[in-house]
Each structure stands twice: as structure tokens, then as C-alpha cells.
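Here is a friendly briefing on one protein chain. Have a look at the sequence and the 3D view, and then follow the topics below one by one.

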Amino acid sequence: MKVRPANPKIVLLNKPFGVLTQFSGDDSEHTLKSLVPFKDVYPAGRLDKDSEGLLVLTNDGVIQHKITDPKYKMPKLYWAQVEGIPTTEALKALRDGVELNDGVTAPAEVFLMDEPAELWPRVPPIRERQAIPTTWLCLRITEGRNRQVRRMTAAVGYPTLRLIRAGVGPWTLRGMQPGEWREEPSVW
């Protein structure tokens with residue numbers, strides 16, 4: 001059995017676009033070190049450099065394991081701005097599971113949504129084409145494959161232009177701006 005820390009710590013961060021999900025890197029890379037004032041927490045899962053949103057950091061290996069191990073099916077909620085307007089068939093494919101190069105994904109919960117309220121501008125902004133509209137999707141998945149949401153939307157013909165993780169299990173962004181963090185009480 002793993003020894004739990006005497007003071008389990010959970011830190012939620014709204015990871016900005018362009019930040020690596022690690023504390024070390026060369027001087028030209030923006031890492032978590034400049035955003036999180038704690039030295040004893042580590043990311044529970046990853047969020048790509050070109051994705052934004054909720055990152056859970058903890059000093060508790062048990063919590064980290066429950067978030068990242070696929071057997072626990074910890075839900076993750078994403079807002080994806082995609083190129084085009086997805087068809088009913090494309091949404092059904094996402095809900096049924098999509099064939100990717102590493103196998104079929106588990107079914108996702110997915111629906112069209114308005115642009116998220118109080119959404120911050122992305123720097124740099126996404127590429128926009130006047131002749132091609134964009135659509136926001138809300139997706140809830142329980143897997144954590146590498147770049148999974150991006151690969152799923154691309155596989156059904158609607159590439160993701162902007163991706164924001166809005167929730168992980170019981171935690172949400174809840175009003176945090178990019179670069180902001182807050183401590184949460186341990187739930188385990």
C-alpha cells in the first residue's frame with residue numbers, strides 16, 4: 001500500500017496556451033514553474049502545449065493514480081472549437097466511439113454548445129477562415145489517450161482549432177483565468 005502524505009495537496013491550475021505540462025525545460029519554454037508556487041506537487045495527467053484549461057496537480061500518489069489510471073474512468077470535460085458545423089452523423093460517431101490508429105475510443109458524451117461564457121481570448125488567436133464557420137462542442141470522455149479529443153474530432157472530419165479542458169472528475173475551472181490557480185480540499 002502506498003504511503004499517503006500527511007498533508008495531501010490538490011492544486012487546480014488554468015493552464016494557458018503554450019505552457020508545457022512540466023516544471024523543467026530550457027529557458028525558451030514556458031513551464032509550470034513560473035505559474036505554480038509549490039515545489040511538492042506534480043501534474044495528474046497531461047495537457048498538451050497547444051491546449052488550455054484545467055490541470056490537476058497533487059503531492060498524493062493515490063489521487064494522481066485515480067485520476068490517470070484508465071480503470072477508474074475518471075471523466076474529463078472538454079470544450080472544443082472545431083472547424084465547420086458537425087453533422088448528426090459525425091456527432092453520432094463521437095458518441096459511439098471513433099476508430100483511431102490505436103483502436104476504437106470509448107463512447108463520448110458530446111453535444112453542440114454556445115461559446116463558453118466568460119471565455120478569455122486565446123493568445124495567439126486561432127486561425128479563422130471567413131468561408132468556414134466554427135462550432136463549439138462539449139465532450140466528456142473517460143479515457144486519456146494522447147491528444148484524444150483532437151484526434152477524435154479530426155477523424156470525423158472536424159479538426160479542433162481550440163481545446164479547453166473544463167473539468168476533471170469533481171473539479172472544474174470555475175471562473176479561473178489563464179495562469180490562475182487555487183488549492184482544493186482532498187476528496188479522498
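Let's begin with helix 3, which spans residues 148-155 and has Gln148, Val149, Arg150, Met152 and Thr153 among its buried residues. Keep in mind as you read that this is a predicted model.

**The chain as a whole**
- The protein chain contains three helices and eleven strands.
- If you walk along the sequence, these elements come in the pattern β-β-β-α-β-α-β-β-β-β-α-β-β-β.
- A compact globule of 188 residues would have a radius of gyration near 16 Å, and the 17 Å of the protein chain agrees with this.
- Along the principal axes, the C-alpha atoms fill a box of roughly 55 × 35 × 30 Å.
- Of the 188 residues in the protein chain, 46% are buried.
- Take the contacts with a separation of 6 or more: 72% of them are between residues 24 or more positions apart.

**Surface and charge**
- The protein chain has an accessible surface of about 10100 Å², and carbon and sulfur atoms account for 53% of that surface.
- There are 26 positive and 23 negative side chains, and the centres of these two sets lie 4 Å apart.

**An aromatic pair**
- How many aromatic pairs does the count come to? The count comes to one aromatic pair.
- The partners are Phe38 and Trp181, in an edge-to-face arrangement with 5.1 Å centre to centre and 80° between the planes.
- Phe38 sits in the loop between strand 1 (10-15) and strand 2 (42-43), while Trp181 belongs to strand 11 (residues 181-184), so the pair ties together parts that are 143 residues apart in sequence.
- Phe38 has a relative accessible area of 16%, so this residue is buried.
- Trp181, at 34% relative accessibility, counts as partly exposed.

**Lys9 and Ile10**
- Lys9 lies in the segment before strand 1.
- Is Lys9 buried or exposed? Its relative accessibility is 15%, so Lys9 counts as buried, the cut-off being under 20%.
- Beyond the neighbours within four places in sequence, the contacts of Lys9 are Phe38, Asp40, Val41, Leu57, Thr58, Asn59 and Glu183.
- Ile10 is part of strand 1, and with 0% relative accessibility Ile10 counts as buried.
- Ile10 and Leu77 are 67 residues apart along the chain, and 18 Å separates their C-alpha atoms.

**Gly169**
- Where is Gly169 found? Look in the loop between strand 9 and strand 10 (171-172).
- With a relative accessibility of 30%, Gly169 counts as partly exposed.
- Setting aside neighbours within four places in sequence, Gly169 is in contact with Met74 and Pro75.
- From Gly169 to Leu57 there are 112 residues in sequence and 13 Å in space, C-alpha to C-alpha.

Definitions and conventions:
Residues are numbered from 1 along each chain as its sequence is written. This is a predicted model: local features need pLDDT of at least 70, side-chain atom pairs count only at pLDDT 80 or more; totals for chains, interfaces and linings use all residues. Side-chain values use heavy atoms; hydrogens and water are left out. Helices (H or I, at least four residues) and strands (E, at least two) are DSSP runs, numbered from the N terminus. The radius of gyration is taken over C-alpha atoms; the globule rule is 2.2 Å times the number of residues to the power 0.38. Buried means under 20% relative accessible area, exposed over 50%, partly exposed in between (1.4 Å probe, protein chains only). Contact means heavy atoms within 4.5 Å. Accessible areas come from the Shrake-Rupley method with a 1.4 Å probe; for residues, only the protein chains shown count as cover. Lys and Arg count as positive and Asp and Glu as negative; His and the chain ends are not counted. The place of a charge is taken as NZ of Lys, CZ of Arg, CG of Asp or CD of Glu. Rings of Phe, Tyr and Trp (its six-membered ring) pair if their centres lie within 6.5 Å; planes under 30 degrees apart count as stacked, over 60 as edge-to-face and the rest as tilted.
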